[in-house]
Amino acid sequence: MMKFASLIAFVAFATSSVAHTIFQEVYVNGVDQGHINGIRVPTYDGPITDVTSNDVICNGGINPYQTPISTVIISTPAGAQVTAEWHHTLAGADSSDSADPIDPSHKGPVMAYLAQVPSATQTTVTGLQWFKIWEDGLTVSDQSWGVDRLIANKGKVTFTIPSCIAAGQYLLRVEIIALHAASSYPGAQLYMECAQLAITGGGSTSPATVSFPGAYSGTDPGIKLNIYQTLSNYTIPGPSVFSCSGSSGTTAASPTSSSSATVKSSSAPASSSSSTSSSGTVAQYGQCGGTSYTGSTTCASPYTCTYSSAYYSQCL
Ligand SMILES: *[C@@H]1O[C@H](CO)[C@@H](O)[C@H](O)[C@H]1NC(C)=O
Ligand SMILES: [Cu+2]
């Protein structure tokens with residue numbers, strides 16, 4: 001009996017410690033782009049828990065990429081429906097595995113971000129500017145999570161590439177934040193991989209962006225919380241979702257109108273240095289607010305500082 005009991009304990013432990021997941025397949029308008037094609041998949045399916053680490057960008061740090069990194073770039077029209085498919089291991093779907101696509105304990109939100117890049121196969125992922133294009137958090141009425149819906153849909157989540165963004169190469173970062181151990185920090189488990197896209201068509205809108213790391217904090221209400229209670233709300237971490245019809249982006253100005261924006265110096269004494277941005281005003285489209293922003297919050301006339309997310313306000 002002892003031996004049996006310890007075997008049970010071992011299995012329970014092993015299940016909780018390896019019940020992880022990897023985003024490993026992309027579909028464009030329903031067309032399968034092939035297993036692991038065009039995705040920087042890691043050698044290990046474990047999570048990132050330090051939200052300040054570079055590992056949260058594309059998960060190539062403590063869980064190194066399978067090498068060589070895919071040279072495939074997935075062609076995706078702006079406005080297309082893109083599906084991201086997750087499974088417990090890189091072996092793909094396994095109906096005999098109760099933790100595929102992810103263990104049901106790993107409740108939390110699912111999100112998708114884009115960052116425009118010079119080349120989708122470039123190895124550097126630091127310093128990129130990301131915008132969120134989709135999120136699925138908590139449905140308060142039945143306390144169901146994005147992860148519950150992902151499991152019900154056999155590991156697949158589907159979202160739309162915004163039709164108004166510029167054509168070009170992008171990294172698509174799809175992320176799950178599992179909250180089963182999130183009552184202290186570090187505790188929330190971040191799972192993410194980046195897929196390599198070439199977006200065609202599109203428009204000329206430049207969404208407001210955030211940085212990774214930087215978009216999340218260990219004290220965010222959506223990162224550090226106890227989910228083992230009835231929640232009346234859940235604040236999905238990161239910026240609000242960019243929408244072509246919404247206010248979280250800016251339409252690129254025409255050359256003639258952008259030249260009319262002038263940076264006026266403030267009425268501060270002449271001795272104040274013009275390089276001290278906090279003493280001046282911010283030109284059209286410049287940043288004027290946000291969690292880690294320390295510069296001037298006054299916009300040059302006639303622009304007003306317009307809230308876009310907790311991380312970014314802009315003179316419009
Ligand atoms: C729910 O909303 C309240 C009030 O805005 C906020 O203080 C709290 O952090 C939110 N809870 C979660 C889990 O996001
Ligand atoms: Cu896990």
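Predicted model: local features only at pLDDT ≥ 70, side-chain atom pairs only at ≥ 80, totals over all residues.
Student: Is Cys164 buried or exposed? And what about Cys244?
Tutor: Cys164 has a relative accessible area of 12%, which is under the 20% cut-off, so Cys164 is buried. Cys244 comes out at 35%, between the 20% and 50% limits, so Cys244 is partly exposed.

Student: OK, how many disulfides does a search of the whole structure find?
Tutor: Two. Besides the Cys164 and Cys244 pair, there is one joining Cys58 to Cys194, with 2.0 Å from S to S. That pair links distant parts of the chain, 136 residues apart: Cys58 is in helix α2 (residues 55-58) and Cys194 in strand β12 (residues 189-200).

Student: What's the handedness of the Cys58 and Cys194 link? And are those two cysteines buried or exposed?
Tutor: Left-handed, with -85° about the S-S bond. Cys58 and Cys194 are both buried.

Student: Switching topic: which residues touch the most other members in the largest nonpolar core?
Tutor: Leu114, Phe159 and Leu172, out of 38 residues in that core. Several elements supply at least two residues each, including β1 (22-28), β5 (81-87), β6 (110-116) and α3. The largest share is from β11, with five residues.

Student: What is Leu114 in contact with, leaving aside neighbours within four places in sequence?
Tutor: Quite a list. Among them are Trp130, Phe131, Ile133, Tyr170, Leu172, Leu197 and Ile199.

Student: Which residues are in the other core?
Tutor: That core lies apart from the largest one and has 34 residues, among them Tyr65, Val210, Leu231 and Ile236.

Student: Last one: where does Ala152 lie, and is Ala152 buried or exposed?
Tutor: Ala152 belongs to helix α3, residues 146-152. Its relative accessible area is 65%, over the 50% cut-off, so Ala152 is exposed.

Student: And how far is Ala152 from Pro101 in space?
Tutor: Their C-alpha atoms are 9.5 Å apart, while in sequence Ala152 and Pro101 are separated by 51 residues.

Terms used
Residues numbered from 1 in each chain as written. Chains lettered and ligands numbered in written order. Heavy atoms only, no water. Disulfide = S-S within 2.5 Å. Helix = DSSP H or I, 4+ residues; strand = E, 2+ residues; numbered from the N terminus. Buried < 20%, exposed > 50% of the residue type's maximum accessible area, 1.4 Å probe, protein only. Core = buried A, V, L, I, M, F, W, Y, C linked by side-chain atoms within 4.5 Å. Contact = heavy atoms within 4.5 Å.
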